[in-house]
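Student: I would like to go through this structure by asking, for each label, what it rests on. Could we set each value against its cut-off as we go?

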Amino acid sequence: MKAAAQKFGKFLSGMVMPNIGSFIAWGFITALFIADGWLPNAQLASIQTPILTYLLPILIASQGGKMIGGDRGRVMGAIAIMGCIVGSPETPMLMGAMAIGPLAGFVIKKFDEAMDGHMPAGFEMLINNFSVGILGMLMTIIGYYVIGPVMSAILGVLSAGVEALVNMSLLPLAAIFIEPAKVLFLNNAINQGVFTPIGITQAAEAGKSIMYMLEPNPGPGLGVLLAYWMFSKDKMTKDSAPGAIIIHFLGGIHEIYFPYVLMNPMVIIAPIAGNICAILFYTITGCGLVGAPSPGSIIAFMAMSPRPQMLLTILGVIIATGVSFVVASPIIKMSGAKSLEDAQGQMASMKAESKGVAAPVVTNNIKKEAGSVKKVVFACDAGMGSSAMGATKFRNRVKAARPDLTVINTSVDNIPADCDIAVVQTTLVERAMKSAPNAQMVTIGNFLADPALDALYAQLTTVASTPAAPAASAPAPAAPAAEKKQVLIKEGIKLNQKPVTKEQAIQAAGELMCELGYVGPAYVDAMQEREKLVTTYMGMGIAIPHGTTQAKGTVKKTGIVCFQYPEGVPFGDEKANLVFGIAGIGDEHLDLLAKICEALEDEEILEKMKTTDDADWILKQLS
């Protein structure tokens, strides 16, 4: 259930986050120009309603359609949402857009699959244009009569429930669910799926909504970080807290404090108590924000506050911080909590227990005999980068002893039924077990240099290798007639970069891929979302950030960029000196990943790649 909710939340976020700038623009127009705003202006305030009614739903629906059906899905989503908007004009169709956009993308995707190979020559453009037009019209009608009214009714029920909680003074108890959900990375599901649509409806009627204040308040997390800074007995945790405070409070990246809670689950009481008190205060004083603060920074939080309530808004943040700090402090002082390093591993992908383990980490009590294992599958979220490199390196390692063994990679949701052993990171185990319930699950911390892989190698090589290996069991060679595409070019190699944060490194890689025409801007946001799910640090000083499965539709052509950071970029408790940004269509990027794995086998080459100022040399090594 947790994995499904995470996946659902990630999908919702994938529709909203690329368009968050439009929400901010709408929020600023509302905050500045409405009658109670900072600079009242009736003419400029009139822009607010069309943005809410038309622009935001169209952007979300088109993005949802594109995530499923590519560019044709984007057009389908934009057409279809108009039926919802016109059919239910009394309700902002944010939820309708999240429903009909992906559905429209799915419809055109299935149509295209059905027509593949059956389209008459010379009629391609005619069929493509008319199919979008006709199917878009049908989806608009469905939106008008079905989806719009249904979503309007659902939003009405949710709004009535929230109003009942407010009237009974029970809304503060929502924090009991909000704060644990945040730590489990379900914040996108509850925020984008419930709070924001209700908030937009309330703000359209009353000019503000308390729903915008429930999840993004930075106070509860700030209190936890301050308590660790003041009272933690672990030096690493204590020293890391000030930096985390800046990133959390000013940058709005709440995920930074989640490991601090995970290292001592009792601490979750603190942000719950802090948010309860803040919500109660906001309820009593009638506070609300005019738009969704994103990210959850104090800057964005205050920017969306109505001018007359600015002091009350900041006071609520202070209350949440103070209560959270007071509750967390004695828990931290009395606790023998695990280290921050351990907690970060738990949050991202827990490291193997220690070097020298005698057996791979098996999570589902299925242990295969070595002789019965014929297929090992490395699985990551998208099946595009991390697992591909891991599978290549492990295949090269094991082929001499087990030439009969097939080692492949795939996405965690598409593990084949004949898989004997699935190698996955900890946070993806539940999804992997659902995909391959009869496979042995081996959990790892990273795909390149993990002790669990050493143990798996030992397990699989306890039987003698087959003398004559069937050709089919070896890695499938590339088709000889096909000309290999150049997916790494000199312009995509940036050397001697100054130290930055992980997020900045990923952003730089994504922006360069955009500049080189490999991906669209939405892919960069998907790279950041992918990193929140589970780290793309591979081990041995290498990270390969890439987008989520849902973002594959934003890839224009296969391409890889390389950023060299001689001093390293922190990826959790590890440092990456080489950051490869990856965008792939099909398997076109796998040859280069294999080359990178070959370079890993030569320690001298790998170390030189981390420090050289010769881009041509790197290009030669990976060509």
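Tutor: Let us begin with D616, which counts as partly exposed at 43% relative accessibility. The model is a predicted one, in which local features need pLDDT of at least 70 and side-chain atom pairs count only at pLDDT 80 or more, while totals for chains, interfaces and linings use all residues. Residues are numbered from 1 along each chain as its sequence is written, and side-chain values use heavy atoms, with hydrogens and water left out.

Student: Why is D616 called partly exposed?

Tutor: Buried means under 20% relative accessible area and exposed means over 50%, with partly exposed in between, for a 1.4 Å probe and protein chains only. D616 has 43% relative accessibility, and therefore counts as partly exposed; K490, also at 43%, is partly exposed as well.

Student: What makes D616 and K490 a salt bridge?

Tutor: The term asks for a side-chain nitrogen of Lys or Arg within 4 Å of a carboxyl oxygen of Asp or Glu. The closest N and O atoms of D616 and K490 are 3.3 Å apart, and the pair is a salt bridge. It links distant parts of the chain, since D616 belongs to helix α23 (residues 615-621) and K490 to the loop between α18 (451-460) and β5, 126 residues apart. Helices (H or I, at least four residues) and strands (E, at least two) are DSSP runs, numbered from the N terminus.

Student: How many salt bridges does the structure hold, and which residues form them?

Tutor: The structure holds eight. One of them joins R72 to D112, with the closest N and O atoms 2.9 Å apart; R72 is in helix α4 (residues 48-87) and D112 in helix α5 (residues 94-115), 40 residues apart. Another joins D418 to K375 at 3.0 Å between the closest N and O atoms, from the loop between β2 (406-411) and β3 (421-425) to strand β1 (residues 375-380), 43 residues apart.

Student: Why is K375 called buried, and what is D418 called?

Tutor: K375 has a relative accessible area of 16%, and so it is buried, whereas D418, with 46%, is partly exposed.

Student: What makes the pair of F231 and F325 tilted?

Tutor: Rings of Phe, Tyr and Trp (its six-membered ring) pair if their centres lie within 6.5 Å, and planes under 30 degrees apart count as stacked, over 60 as edge-to-face and the rest as tilted. The structure holds six aromatic pairs. For F231 and F325 the centres are 6.0 Å apart and the planes at 35°, so the pair is tilted. F231 lies in helix α9 (residues 219-231) and F325 in helix α14 (residues 310-334), 94 residues apart. F281 and Y282 form a tilted pair too, at 5.9 Å centre to centre and 55° between the planes. In that pair F281 is buried with a relative accessible area of 16%, and Y282 is buried with 1%.

Student: How do you know that the charge of K333 sits over the ring of F231?

Tutor: The criterion is NZ of Lys or CZ of Arg within 6 Å of the ring centre and within 35 degrees of the ring normal. The charged end of K333 sits over the ring of F231, 4.7 Å from its centre, and R397 lies over the face of Y457 at 4.6 Å from the ring centre.

Student: Why is strand β9 described as largely enclosed, and what pairs with β9?

Tutor: Eight of the 10 residues of β9 (residues 574-583) are buried, so the strand is largely enclosed by the rest of the structure. Two strands pair if DSSP finds at least two bridges between them. Strand β8 (residues 559-571) and β9 run antiparallel and are joined by nine bridges, with G559 opposite A583 and P570 opposite K575. Strand β7 (residues 542-543) pairs with β9 in the parallel sense over two bridges, I542 having L578 as its bridge partner.

Student: How many disulfides does a search of the whole structure find?

Tutor: A disulfide requires a pair of cysteine sulfur atoms within 2.5 Å, and the search finds zero.
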